[in-house]
Amino acid sequence: MSTHKITIALAGNPNSGKTTIFNALTGAHQKVGNWSGVTVEKKEGIAHCGEIEFHIVDLPGTYSLSAFSMEEKVARDFILSGEADVTCVVVDAGNLDRNLYLVAQLLEMETPLLVIFNMMDEVENRGIRIDIEKISRLFAVPVIPTIANRGKGLNEILDTVSKIADGDLTVRPATVHYPKEIENAIAQLEKNIIPPSCGLKSCPSKWMALKLLENDSEVRRLFKDQPSALALADELRKSISQIFKDDPEMIVTDHRYGFVNG
């Protein structure tokens with residue numbers, strides 16, 4: 001019988017235990033190289049569960065996906081490439097405010113997503129209880145609790161990934177809600193842009209519109225052949241700045257943190 005293959009993108013903040021999970025899942029079945037054209041290390045590994053072969057790509061550890069650093073750009077481009085069937089984001093359960101910001105950005109990218117709450121033992125030792133089921137409902141994505149350094153929860157990761165990849169578990173992530181002026185600007189841009197053929201399979205038009213409002217240099221570069229779209233983005237950015245007395249990217253960041261805190 002032929003082996004069923006599923007590709008996982010493994011994302012997370014530095015020190016979230018992402019590498020521990022990668023090593024635990026792949027063991028000795030790893031190879032290390034560099035991402036094409038850059039000196040950022042690329043780690044890949046294989047895990048097996050029944051007749052399924054999981055190809056796991058360990059993305060560079062990042063706090064954000066704003067593409068300000070080469071690590072952020074590499075991680076974001078791989079997720080947008082559509083090569084991964086599922087993105088797993090590892091969260092340090094004891095540091096939710098900072099770690100869930102990355103989750104909020106991934107929700108906006110509309111990638112099939114599994115959230116892993118790691119280091120649950122440290123949280124419990126501090127007398128903190130996390131309602132995993134409630135968080136899963138609020139984000140509208142599966143959330144798996146793990147203690148990676150003891151191997152707890154790892155089988156559940158692979159089992160849930162296979163259900164998402166095979167369509168047995170439908171994931172329609174929650175989204176961050178912005179002030180109506182920003183939501184209207186996103187909708188206006190979305191109607192007036194033609195998603196560029198940039199070699200990236202998974203670029204939702206709403207996400208691209210939001211990135212243009214955030215003045216994301218990498219996304220702007222993709223629209224260099226659509227000067228009218230860039231001009232509209234600049235006009236909308238100026239209007240939003242006048243209303244809120246702040247840059248659109250700062251307002252968007254504040255509302256992502258508000259979403260996480262909520």
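A salt bridge is taken here to be a side-chain nitrogen of Lys or Arg within 4 Å of a carboxyl oxygen of Asp or Glu. The exercises below apply this rule, and others, to a predicted model.

**Exercise 1. Decide for R150 and for D121 whether the residue is buried or exposed, and locate both partners.**

Step 1. The closest N and O atoms of R150 and D121 are 3.3 Å apart, and the two residues form a salt bridge.

Step 2. R150 sits in the loop between β7 (143-145) and α6, while D121 sits in helix α4 (residues 120-125), so the pair ties together parts that are 29 residues apart in sequence.

Step 3. With 52% relative accessibility R150 counts as exposed, whereas D121, at 13%, counts as buried.

**Exercise 2. Check the span of helix α6 (residues 154-165), and describe its residues.**

Step 1. The buried residues of α6 are L154, I157, L158, T160, V161, S162 and I164.

Step 2. Within α6, D159 and K163 lie four residues apart, about one turn of the helix, and they form a salt bridge whose closest N and O atoms are 3.5 Å apart. Both are partly exposed, D159 with a relative accessible area of 36% and K163 with one of 38%.

Step 3. After α6 comes G167, whose phi is positive, near 80°.

**Exercise 3. Which residues have the most contacts inside the largest nonpolar core, and which residues does L189 contact?**

Step 1. In soluble globular proteins, nonpolar side chains tend to be buried together. The largest nonpolar core of this model has 60 residues, and L59, V115, F117 and L189 have the most contacts inside it.

Step 2. When neighbours within four places in sequence are left aside, L189 is in contact with A209, L212, L213, A229, L232, A233 and L236.

Step 3. A second, separate core of 22 residues includes I6, I116, I157 and V161; I157 and V161 are also among the buried residues of α6.

**Exercise 4. Which residues lie nearest the centre of the largest pocket, and which element gives the largest share of its lining?**

Step 1. The largest pocket holds about 300 Å³ of space. Its lining consists of 16 residues, of which S64, S66, F68, E214 and T253 lie nearest the centre.

Step 2. The elements that give two or more residues to this lining are α3 (96-108), α9 and α11 (248-261).

Step 3. The largest share, three residues, comes from α11.

Notes:
Residues numbered from 1 in each chain as written. Predicted model: local features only at pLDDT ≥ 70, side-chain atom pairs only at ≥ 80, totals over all residues. Heavy atoms only, no water. Expected span 1.5 Å × (residues − 1). Buried < 20%, exposed > 50% of the residue type's maximum accessible area, 1.4 Å probe, protein only. Core = buried A, V, L, I, M, F, W, Y, C linked by side-chain atoms within 4.5 Å. Contact = heavy atoms within 4.5 Å. 1 Å grid on protein atoms, 1.4 Å probe; cavity = no way out; pocket = protein on both sides within 12 Å on 5 of 7 lines; lining within 4 Å. Points joined across faces, edges and corners; volume = space filled by probe spheres on them.
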